Amino acid sequence: MPTSMPKPAPKPSSRTSSRKPLVYGVGVVVAAALFGYVSYRATAPDSPGTGSSSVVADVTAGPDEGIYPELAKLARRDAGDKLALGRADAPVVLIEYADFKCGYCGKFARDTEPALVTKYVDAGTLRIEWRNFPIFGAESEAAARASWAAGQQNRFWEFHRAAYAEGAKEKGFGKDRLKALAAEAGVPDLDRFVRDTDGTAAAAAVSADQEQGYGIGATSTPSFLINGRPIAGAQSSETFTRAIEQAADRAKNLGNAGQDTHGTPSPEGAAKGQGSAK
């Protein structure tokens, strides 16, 4: 499936310099190049004998292929993260970099994510961590800050659902519209919501997410990491199912080898002189 790309000549931003890969390690530099390539392939016109399936193969070829431990470490696993869903100790973490004005992000939110939540999040296998990655200008930035503000009153996912409802983005994300979405999401204190949306904390949180996305080479939305494996675009449900199940199996196998599901030595493994994989 395609991803959404920013318009050809986006308005300059104070965060322009953050679009260079961050120094997470050599592996992340390689992964950033891969992410950029996969994003391009996901949005490039099909050529004879190729298509979106080739992009899927690039990122889901096998349980141990295309996985970057440095990227897996970007999972926050913070039990207090108001923009996350699922157990902090879930064996698989899906990080999504997305924009509320992105049509393909909306498609993923409506058509794919609910089934993943039912099948994997509710079972304790998957954790979903949201990263605001606004790339379509001022309204994207405003919606990102508003989503964070809704999260401060424990209504992020309700806001997420309302903002990604069919036809929602066509109505725009002006101030009055964002407040209406917050009311629809059940945000209890709308005055606080408005203050938080316009506050420095919201701007800083969105900027940090955005810088992380650019730092790992994401150039389009939606972009995903599943336990350190990059996937670009609103791919099929089967692609996400396969990647999640492979990641869960890999985490289980690591645990059986004397590590916990996060790749650190378990007490039993340490006693046997087993360390984490490098």
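A salt bridge is taken here as a side-chain nitrogen of Lys or Arg within 4 Å of a carboxyl oxygen of Asp or Glu. The model is a predicted one, in which local features need pLDDT of at least 70 and side-chain atom pairs count only at pLDDT 80 or more, while totals for chains, interfaces and linings use all residues. Residues are numbered from 1 along each chain as its sequence is written, and side-chain values use heavy atoms, with hydrogens and water left out.

**View 1. The salt bridge between E139 and K101.** The side chains of E139 and K101 meet in a salt bridge at 3.6 Å, N to O. Because E139 belongs to helix α5 (residues 138–151) and K101 to the loop between β2 (92–98) and α4 (103–121), the pair ties together parts that are 38 residues apart in sequence; helices (H or I, at least four residues) and strands (E, at least two) are DSSP runs, numbered from the N terminus. E139 is partly exposed, with a relative accessible area of 31%, and K101 is partly exposed as well, at 24%, where buried means under 20% relative accessible area, exposed over 50%, and partly exposed in between (1.4 Å probe, protein chains only).

**View 2. The salt bridge between E166 and R110.** In this pair, the closest N and O atoms of E166 and R110 are 3.3 Å apart. The bridge links distant parts of the chain, with E166 in the loop between α6 (156–163) and α7 (175–184) and R110 in helix α4, 56 residues apart. E166 counts as exposed at 66% relative accessibility, whereas R110 is partly exposed, with a relative accessible area of 33%.

**View 3. The salt bridge between E129 and R131.** The side chains of E129 and R131 meet at 3.0 Å, N to O, in a salt bridge. E129 is buried, with a relative accessible area of 0%, and R131 is likewise buried, with a relative accessible area of 0%. Salt bridges that share partners join R127, E129 and R131 into one network.

**View 4. The whole chain as the setting for the close-ups.** A search of the whole structure finds 11 salt bridges, and the protein chain has 11 helices and five strands. Of the 278 residues in the protein chain, 47% are buried. Among contacts (heavy atoms within 4.5 Å) in the protein chain between residues at least 6 apart in sequence, 77% join residues at least 24 apart. The accessible surface of the protein chain, from the Shrake-Rupley method with a 1.4 Å probe, comes to about 12,900 Å², of which 54% belongs to carbon and sulfur atoms.
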